[in-house]
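These are my notebook entries on a structure I went through element by element. I wrote down what I looked up, in the order in which I looked.

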Amino acid sequence: MRILVVDDDKDMRLLIRSTLTGMGYEVLLASDGIEALSVLEREKIQLVISDWLMPKMDGLELCKRIRSSSFPGYVYVIILTAKDSKGELTTAMEAGADDYIAKPFDKNELGVRILAGERILRLEMDLEDRNERLSKALSLLQKDLEAAARIQKDLLPKANINSCGFLFDWIFLPCSFVAGDTFNYMKVDNDHICFFLLDVSGHGVQAAMLSFMLTKTLSSLILSGGFGAGLQSHLLSPVETVLELNRRFQADDEIMQYFTMIYGVMNIRDGRISLVQAGQPSPVYLRKGGEPVLIGSGGFPVGLNPNATFEELNLCLEPGERIILYSDGITDCTNQDGQAFSTERLVDLLQKGEGSSLRSLIERVEKNLREWRGSDEWEDDISLFAIERSIT
Amino acid sequence: MKIIDEIVGKVTVLQPQGLLDFVAADSLKNKVKNCAMNGQFNLVIDMSKVTLVDSSGMGSLVACLRVIKKEGGDIRIYGIKDQVRALFELIRLHHIFEIFDSVSAAIESFQRPGK
């Protein structure tokens, strides 16, 4: 270990140096605080033994300067002093000294005090080492999560896309990197588009893993049902599909992870939609020139109840009409006063957007929600999926 | 989460307090598992001091019910606030749990014949 000895008395400097060298330490010398600081800036010093009273800059001022500087490691400071009153010692400690030795000093005592300093420095180094490993691990995790978030976003449909005479658009704002919410649509045969929005209980990675898996399972379920033997359409009904998911994804008693969803099948020729509301908030049906309608009043979530039954709801999307699916992250989103955004506010906003394009409606909802929240941090995943039947 | 418990005859009343969320979900589950281990299978959960329940909290209530039903017991619920009730109804938990307007009615329900 390298020790810097600071004393204006040359004899004292040399005496301490020879004592410390005898103990096996490497010693550097300075004759006052200013000189000491310039050594500290040049050299890597871990421990300073400084006299209190010195010309130019005394030991206390040196202590203060050391504490306010940003030397790479901690510098342990022992003050050497002829003063031995309690008050003086408190002053030294307050200035940032770690320990003190009264002059004239005993060789053994000096040795023990330095050993105590070494112990503290070792602890400090261990801590620094651990911190570094932690922050490396954290940054790796962060990169992983960012990558997962990108993959999750890539799985979503393209925003503001026109397909088979329908417009699809959405909002997706995960509350941590990845979300338990997801949604999509799929053309399954010449006549039908299936669509869904689901919300896995909880959020973060655990929820996102299930939501990834569900997207995959749902796609294969839809596609295998859609093109059965002889390319004949064997499209599963919404109730059959959700029952099948409920059979496959019963929550484990320990983890108790389940999900809520809207799953619908839409006939692209006439706009007829049949859907199942499995514990998901009621979709908003925006009719032309009429009041908005909340479709359904609830239903069992998927995975909570092995004996759950599901009900089919029907509506017909006329040209220019819209249906909006959303997660409770929107309606439950609280402002600074803890007040929820609410279904009423969402429906009102959607209704007011009747004359505007789907894109500008979506933008307005997102803008309102951000203003309501007053921050970019969400308590729950936010998702909204909108379908509009184009006017042909 | 703080959960107060009180034994009234053959019924144990649990009163969770505050936010029933992801963190609190485990406390409630553990509490109910303890009850089951002590042979307390008739439970009333008093929700009057629960301000908010999130999806994980809802999951934990159902998990608790599963634990108790395996032992032949039941969980009855009392005192849900409006906001929580709306969520209960949305996900049809009122079809799984019997919900009562007073704690005494919930306790007495265990004395009904056939229950």
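Conventions. I note that this is a predicted model, in which local features need pLDDT of at least 70 and side-chain atom pairs count only at pLDDT 80 or more, while totals for chains, interfaces and linings use all residues. Residues are numbered from 1 along each chain as its sequence is written, and chains are lettered from A and ligands numbered from 1 in the order in which they are written.

Cores. I then looked up the largest nonpolar core, which has 105 residues, and Phe196(A), Met261(A), Ile324(A), Leu384(A) and Cys64(B) are those that touch the most other members. Such a core is a set of buried Ala, Val, Leu, Ile, Met, Phe, Trp, Tyr and Cys residues joined through C-beta atoms within 7 Å, where buried stands for 20 or more other C-beta atoms within 10 Å of a residue's own, exposed for 12 or fewer, and partly exposed for values in between, with C-beta atoms placed from the backbone. Helix α2(B) contributes the largest share of this core, eight residues; helices (H or I, at least four residues) and strands (E, at least two) are DSSP runs, numbered from the N terminus. A second, separate core has 28 residues, including Ala30(A), Ile49(A), Ile78(A) and Ala92(A).

Interface. I counted 13 residues of chain B in contact with 16 residues of chain A. On the chain B side, α2 (55–70) and α3 (82–90) each supply at least two residues, and α2(B) gives the most, with seven.

Helix α2 of chain A. In this helix (residues 33–42), I find Gly33(A), Ala36(A) and Leu40(A) buried. They lie on the same side of α2(A) because they cover an arc of only 55° around the axis, the arc being that of the directions from the helix axis to the C-beta atoms. Ser38(A), Glu41(A) and Arg42(A), on the other side, are exposed. The buried residues of α2(A) pack against β1 (2–6), β2 (26–30), β3 (47–51) and α3 (59–68) of chain A.

Sheet. I traced an open sheet of six strands in chain A, with antiparallel pairing and the order β6-β7-β16-β15-β12-β13; two strands pair if DSSP finds at least two bridges between them. Strands β12 (residues 284–286) and β15 (residues 322–326) of chain A pair in the antiparallel sense over three bridges, and Leu286(A) stands opposite Arg322(A) in β15(A).

Backbone. A cis peptide bond, with omega about 0°, joins Lys103(A) and Pro104(A), and Pro104(A) has its place in the loop between β5 (99–102) and α5 (107–155) of chain A. Met256(A), in the loop between α7 (238–248) and β10 (259–267) of chain A, has a positive phi near 55°, and Met256(A) is buried, with 24 other C-beta atoms within 10 Å. Arg92(B) has a positive phi near 60°; Arg92(B) is partly exposed, with 19 other C-beta atoms within 10 Å.

Conventions: Two residues are in contact if their C-beta atoms, placed from the backbone, lie within 7 Å.
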